[in-house]
Structure formats: C-alpha cells, structure tokens
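Me: I'd like a close look at one part of this model, with its surroundings worked through step by step. Here is the structure I have in mind.

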Amino acid sequence: KDYKALTADISQYAGELRKVIPDAMNGFYAMSKAATADNALDKKTKEFIALAIGVTQRCDGCIGFHVKTLKDLGATREEVAEVMGMCVYMGGGPALMYAADALRAYDQFSE
C-alpha cells in the first residue's frame, strides 16, 4: 500500500464531497478541529487514540492521515510501534495486519 498516494487521493475526493455537500463536510471538519485540539489531552495523544481506532476499525485512510499527522507532530517510530502493540493486544490477529500497515505508513511518511 502506498499511504502517500492513498491520502492524496482521499483528500482530492473529500474536496469533491465538500463541493457537493458543504454543510456536512464543514460540520465534519469543525468536529475534527474541536476533537483534536489540545485540552486535558494533547493533540499527539489524541492522534495516537485516533490511529488506534483506525487500526482496529481496519481503515486505511484513517491510518494514513493519522500517521502523517503523528509524524508531523514529532512522534517516533517506536511510539507508533508501542501503540500498535496495544492494538494487537486488544484486537488480535486482524489488528496485527493493520498495525503492520501503520508502521509501513510511518516509514513511507518518513522518506
């Protein structure tokens, strides 16, 4: 999987959706901004939570976007791997398949 291409493609079509259903998409983006803002938990912690949910829900787009954001926030490969260990613990074999992809995405965004 090419997570750089995947996130670029999704971004393009999210933009298309925004043209057709602007109210719904603006609502989603407003919720995203509010949910990820620093508060009792910092943005990096919230992004790790989002990545873990994306892995356990088997969402390639979620993995790509949240890994990229984590990379931009200074998360290390080791931190991502440790969170993936929790995903595998809680989600078993299916989570392992997507946890491996999350580490792949980290490496791709590190290039």
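Which helices do the buried residues of H4 pack against? Please take me through that helix and what lies around it.

Reply: Happy to. Please keep in mind that this is a predicted model. The buried residues of H4 pack against helix H1 (3-20), H3 and H5. Those buried residues are Gly61, Ile63, Gly64, Val67 and Leu70.

Let's begin with the geometry of the helix. After H4 comes Gly74, with a positive phi near 90 degrees.

Beyond residues up to four places away in sequence, Gly64 touches Tyr3, Thr7 and Phe109. Of these contacts, Tyr3 and Thr7 fall within the range of H1 (3-20), while Phe109 falls within that of H5 (77-110). Gly64 can also be placed relative to Gly54, 10 residues away along the chain: their C-alpha atoms are separated by 9.2 Å.

Now for the nonpolar side of the packing. The largest nonpolar core has 19 residues, and Ile63 and Val67 are among those with the most contacts inside it, together with Leu51, Val55, Met84 and Ala102. Helix H3 (43-56), helix H4 (60-72) and helix H5 (77-110) are the elements that give two or more residues to this core. H5 provides the largest share, 10 residues. In general, nonpolar side chains in soluble globular proteins tend to be buried together. Val55 shows how the pieces meet: leaving out residues up to four places away in sequence, Val55 touches Ile63, Met84, Cys87, Ala95, Tyr98, Ala99 and Ala102.

The buried residues of H3 are Lys46, Glu47, Phe48, Ala50, Leu51, Ala52, Gly54 and Val55, and what covers them includes H2, H4 and H5. The loop between H3 and H4 holds Arg58, a residue other than glycine with a positive phi, near 60 degrees. Its relative accessible area is 46%, which means Arg58 is partly exposed.

Finally, H4 also takes part in a pocket. The largest pocket has a volume of about 610 Å³ and is lined by 21 residues; Phe65 and His66 are among those nearest its centre, along with Phe28, Tyr29 and Ser32. H1, helix H2 (22-36), H3 and H4 each supply at least two lining residues, with H2 giving the most, 8 residues. By class, the lining has 12 nonpolar, 6 polar and 3 charged residues. To bring the two parts together, H4 gives residues to the core and also to the pocket lining.

Note on methods:
Residues are numbered from 1 along each chain as its sequence is written. This is a predicted model: local features need pLDDT of at least 70, side-chain atom pairs count only at pLDDT 80 or more; totals for chains, interfaces and linings use all residues. Side-chain values use heavy atoms; hydrogens and water are left out. A nonpolar core is a set of buried Ala, Val, Leu, Ile, Met, Phe, Trp, Tyr and Cys residues joined through side-chain atoms within 4.5 Å. Buried means under 20% relative accessible area, exposed over 50%, partly exposed in between (1.4 Å probe, protein chains only). Helices (H or I, at least four residues) and strands (E, at least two) are DSSP runs, numbered from the N terminus. Contact means heavy atoms within 4.5 Å. On a 1 Å grid over the protein atoms alone, a cavity is a set of points where a 1.4 Å probe fits but cannot get out, and a pocket is an open set with protein on both sides within 12 Å along at least five of seven lines; lining residues have an atom within 4 Å of a point. Grid points are joined across faces, edges and corners, and a volume is the space filled by probe spheres set on the points. Ala, Val, Leu, Ile, Met, Phe, Trp, Tyr, Cys and Pro count as nonpolar, Asp, Glu, Lys and Arg as charged, and the others, Gly among them, as polar.
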